[in-house]
Amino acid sequence: MTVIGTGYLGAVHAACMAEIGHDVLGVDVDTAKIEALASGRPPFYEPGLPELLATSSSLRFTTSLEEAAAFGDVHFICVGTPQLRGSHAADLSYIDAVVEGLRPYLREDALVVGKSTVPVGTAARLAARLDPIPVAWNPEFLREGTAVQDTLQPDRIVVGATSARAVELLREVYAPMLSAGVPFLETDLATAELVKVAANSFLATKISYINAMAEVCEATGADVVQLAGAIGLDERIGPRFLSAGLGFGGGCLPKDIRAFMARGEELGVGRSLAFLREVDEINMRRRAKAVDVARELAGGSFLGRRVAVLGAAFKPDSDDIRDSPALNVAAAIHLQGAHVTVHDEEAVENARAAFPQLDYALEPAKACEGADVVLHLTEWKRYRELDPAVLAPLTRTPRLLDGRNTLDHPRWRAAGWAVRALGRP
Ligand code: UDX
């Protein structure tokens, strides 16, 4: 099989397919990425991926779609579908380029399988373009940070297809997962495309729901962490994805809900998805709130203040900074006149490239030196293990905003820190 597009999704998919016994050819237009992968170095941080790349003998890489077409029985398309500039819609140019690039060379017995997140209707359009080569849609639900495990032990496999042969081929591809009991759901193309955006919209809504409750807690002196714990015990609600704080970012949830709204408008069902605009608004308000609380902690103004930011990645166990709430807050505070020093476990290089105006530290303690305020914005495990008693004397004033509600506040207060958090008294 081939895996076309070797970003966060494709590189992991390629390595995992090789791991379960397939001969895999990874394809990308980015020569540097292909060279890195071919020499066993992932071009991004993902736990478990270096080990898979190092041990796999059935995984090769190329930049040639012609070679890919000759090699593959099954072609997985994993290229990005980012937000279009100046619009909420998805940019399908990468996916279209792959289809046009493969088309002249595809073997008659080939199957093309889309994994990228796309607006509903895309698969049918591509199927018409590739006819008589069959097209299936097989959305991917992996989370960065646990991508290898999510791919090898998925909750479910969803396959949208128009031919029985496509379904059979994909059952073969995923045979080890099927024998381990993973549910295999067959749908039409449109349903498979929608499952992905519906799942991500639900997750985004769950996060914004608890963050809306955080806003109510802030107005009433209630505690959103206790509230989330209490409602999460209801099995119908469940405790996961109820962590209130700075909200969601990354390369998926924000752009997926926007693309879904844009597609809904085109389809005449804009009203059905109008709530996603509120989900987006609540999410963005949390970033503004964090800036406001940090300014209060800094004494009412950031001018001339030193602010330490712990966390740059959009979430822990990733070096991905796409739409990172942490960096959004750091950059806003910098623009208001503060001197901002950022630490992250893995994302410093990516952050420095995107936000060269911020300062960076290689150790959390270095970032905190002389700080008027410390902001905890990405919940790396290491930050929970920091000793607040050691950090306090390094700062100018020990003041903390916990933007992720994961630090042990009584312990920080006992070490002399003034602590604020989002949605908590
Ligand atoms: C998401 C989906 O979870 C995954 O199924 C899909 O395939 C791709 O998009 P990912 O972007 O890797 O995965 O991150 P996820 O773990 O969903 O977190 C997204 C954002 O929500 C992060 O910024 C995270 O910090 C935030 N989040 C998550 C919260 O603010 N609160 C929560 O309770 C959970």
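So, which residues come nearest to the ligand? Of the 20 residues around the ligand, the nearest are Phe 141, Leu 142, Glu 144, Ser 243 and Lys 315, where a residue counts as near if one of its heavy atoms lies within 4 Å.

Ground rules, quickly. This is a predicted model, with local features needing pLDDT of at least 70 and side-chain atom pairs pLDDT 80 or more, while totals for chains, interfaces and linings use all residues. Residues are numbered from 1 along each chain as its sequence is written, and side-chain values use heavy atoms, with hydrogens and water left out.

Back to the ligand. By class, the shell has 10 nonpolar, four polar and six charged residues; here Ala, Val, Leu, Ile, Met, Phe, Trp, Tyr, Cys and Pro are nonpolar, Asp, Glu, Lys and Arg are charged, and the others, Gly among them, are polar. Helix α10, residues 189-220, gives the largest share of that shell, with four residues. Helices here are DSSP runs of H or I with at least four residues, strands are E runs of at least two, and both are numbered from the N terminus. Domain 1 (2-187) and domain 2 (281-421) each supply at least three shell residues, with the bounds taken from an automatic or database domain assignment.

Now the backbone around the ligand oxygens. A polar backbone atom of Phe 314 is 2.9 Å from a ligand oxygen. Leu 242 has a backbone N or O atom 3.4 Å from an oxygen of the ligand, and a backbone N or O of Gly 247 also lies 3.4 Å from a ligand oxygen. How much of the ligand does the protein bury? Taken alone the ligand exposes 670 Å², and 92% of that is buried by the protein; the areas are Shrake-Rupley with a 1.4 Å probe.

Next, the sheet. Six strands make an open, parallel-paired sheet in the order β11-β10-β9-β12-β13-β14, where pairing takes at least two DSSP bridges between two strands. At the edges sit β11 (359-360) and β14 (418-421), each pairing on one side only. Strand β9, residues 306-310, runs parallel to β10 and is joined to β10 by five bridges, with Ala 308 opposite Thr 341. Is β10 mostly covered or uncovered? Covered: four of the five residues in β10 (339-343) are buried, and buried means under 20% relative accessible area, exposed over 50%, partly exposed in between, with a 1.4 Å probe and protein chains only. Over at the other end, β13 (399-402) and β14 pair in parallel through four bridges, and Leu 401 has Arg 420 as its bridge partner.

Most residues other than glycine have a negative phi, and most peptide bonds are trans. Asp 131 to Pro 132 is a cis peptide bond, omega near 10 degrees, and Pro 132 sits in the loop between α6 (122-130) and β6 (135-137). Asp 323 has a positive phi of about 45 degrees, is in the loop between β9 and α14 (325-335), and is partly exposed at 28%. Asn 405 has a positive phi too, about 55 degrees, in the loop between β13 and α19 (409-414), but Asn 405 is buried, with 13% relative accessibility.

Technical notes. Polar contact = N/O pair within 3.5 Å; in protein donor to acceptor, adjacent residues only side chain to side chain.
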